[in-house]
Amino acid sequence: MLMNPKDSTVSTAHPTKVVARGVKVFYGAAEALHGVDLDVKANEVTSLIGPSGCGKSTFLRCLNRMNDVIDGCRVEGSILLDGDDIYSSAVDPVLLRQRVGMVFQKPNPFPKSIYDNIAYGPRIHGLVSDRNELDEVVERSLTKAGLWNEVKDRLQQPGTGLSGGQQQRLCIARAIAVSPELILMDEPCSALDPIATAKVEELMDELRANYTIVIVTHSMQQAARVSQRTAFFHLGHLVEVGETEQMFTNPQDERTQGYITGRFG
Amino acid sequence: MSQQHIVASYDAELSRLNQLIAEMGGLAESQLATAVDALSRRDSKLAANVVAQDSRVDALENEVDNFAVRLLALRQPMASDLRNIVGSIRIAADLERIADYAANVAKRTIALNQNAPVEPARAIPRMSRLVAAMIKDVLDAYVDRDVAKAIDVWGRDIEVDDAYSSLFRELLTYMMEDPRNITVCTHLLFIAKNIERIGDHITNIAETIHFAVSGQRLVQARPKTDETPFAAHPGDAPAGAAESKDD
């Protein structure tokens, strides 16, 4: 049975990048996500909020089939990326994860140089034909991630030598380097100080001109700042989704109101 | 929302904000009542008292403003909390204006008492009773978060406008009958206008309550029947609509 989430507004400005219908996730026998219907619009930041254990990260991981690597995890329903079913047997999950990049809560640069961190993806996916092209890709990715000026003179130094905020931007640059269409972020700023957080948020705003972003965040203030649409999850259900401004000034569902005003967690 | 915040001090602070507004409202209510009482009984001492008390209302408005800004900065309120806090700022401003108008009525009463009483002055207490009932009801609506009651008060302002229009005509006629009446009638005109403006501010409060509670704005234009901007000659029916855009 599908929960019909309350959609506070209808946005026709952007085409739809991802269409999720009736998505259920089971860990063994336990149903963790109960039939989620959600549209993600292109070139927008969509934020997923909700208390711990509500299913938002589980849902996020469906979008690039990261749940495939979890033992005993089963996904039902359909997820279409630009109209193509990402769970069809014809889809190569590795190629999917090139189109759909992911950034995690704890920055996780490879134990390689800054240069190689970025170059790794394009190399193994065979996206570049020579060293010059690779250099260009590395520079472009680091520039888009707002990191180029800070690291251009030390590209051979290890990525792990950067500060937390820089490492996270390195991970974003790494995700961008393989030309994804969709970027998933799972609490990307939780481990960062306020300045580093602000830089990543600014980066998100710039990136959405060319990419679509879905972010899971514990901070409602962050969701309010960075996203155009917000989806509220609770106990494995998608309760309400709508324009961010509407969700935070006048949500339709009592549970949404209760959560965002701090009346229950 | 009847549910409590997880952080109890947040609820305590929101309660305090409500209390401040209720206190301001009660003061504004009693200022108007006392001012009109002073007018009816031609009591200049009582009127002077009203004028002196106005500073208490101003002080409360400052307190509400400061407290609301503090809540905005420290609590990052969302949804209903945000609307209530912003609503309190607006309501406090309207209540301060209402109390100001009451003090103005009191000032003019002192001037009036230097002259002999006149007939149209008797219409003023009737007009102010309408407004006094509106203040009481809108404050009740605020405390109870009662949107229906707020809308009802919002609609009643038309009666105040009607009373003002009719008093306007009466005063013009009186002035034309005898130029010696002009000073007194002019004061009464201002007094009547002040009371009419109080009614308008009460409707602002009603609109704010509606938005704070429901999250929607009252979109339809409030019916206004103050025809006085269109009155050409006191004896004529005003040329122009029964509904007018206010000055």
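A residue is buried if 20 or more other C-beta atoms, placed from the backbone, lie within 10 Å of its own, exposed if 12 or fewer do, and partly exposed in between. By that criterion both faces of strand E7 (residues 100-103) of chain A are covered, with A:Val100 and A:Met102 buried on one side and A:Gly101 and A:Val103 buried on the other. This is a predicted model, in which local features need pLDDT of at least 70 and side-chain atom pairs count only at pLDDT 80 or more, while totals for chains, interfaces and linings use all residues. Residues are numbered from 1 along each chain as its sequence is written, and chains are lettered from A and ligands numbered from 1 in the order in which they are written.

**Strands of chain A**

- Helices (H or I, at least four residues) and strands (E, at least two) are DSSP runs, numbered from the N terminus; two strands pair if DSSP finds at least two bridges between them.
- E7(A) runs parallel to strand E8 (residues 182-186) of chain A, and four bridges join the two.
- Within that pairing, A:Gly101 has A:Ile183 of E8(A) as its bridge partner.
- Strand E2 (residues 16-27) of chain A is joined to E3(A) by eight bridges, and the two run antiparallel.
- Opposite A:Phe26 stands A:Glu31 in E3(A).

**Contact between the chains**

- Two residues are in contact if their C-beta atoms, placed from the backbone, lie within 7 Å.
- On this basis 14 residues of chain B are in contact with 14 residues of chain A.
- Helix H3 (residues 79-112) of chain B contributes the most to the side of chain B that touches chain A, namely four residues.

**Helix packing in chain B**

- H3(B) packs against helix H6 (residues 182-214) of chain B at an angle of about 170°, their axes 9 Å apart; axes are lines fitted to C-alpha atoms, for helices over the stretch in contact, and angles run from 0 to 180 degrees between N-to-C directions.
- Because angles over 145 degrees count as roughly antiparallel, H3(B) and H6(B) are roughly antiparallel to each other.

**Nonpolar core**

- A nonpolar core is a set of buried Ala, Val, Leu, Ile, Met, Phe, Trp, Tyr and Cys residues joined through C-beta atoms within 7 Å.
- The largest such core has 135 residues, and B:Ala35, B:Ala102 and B:Val138 have the most contacts inside it.
- H3(B) supplies the largest share of this core, 15 residues.
- Beyond its neighbours within four places in sequence, B:Ala35 is in contact with B:Ala47, B:Val50, B:Ala102, B:Val105, B:Ala106 and B:Thr109.

How values were computed. Parallel < 35°, antiparallel > 145°, perpendicular 65-115°, else oblique.
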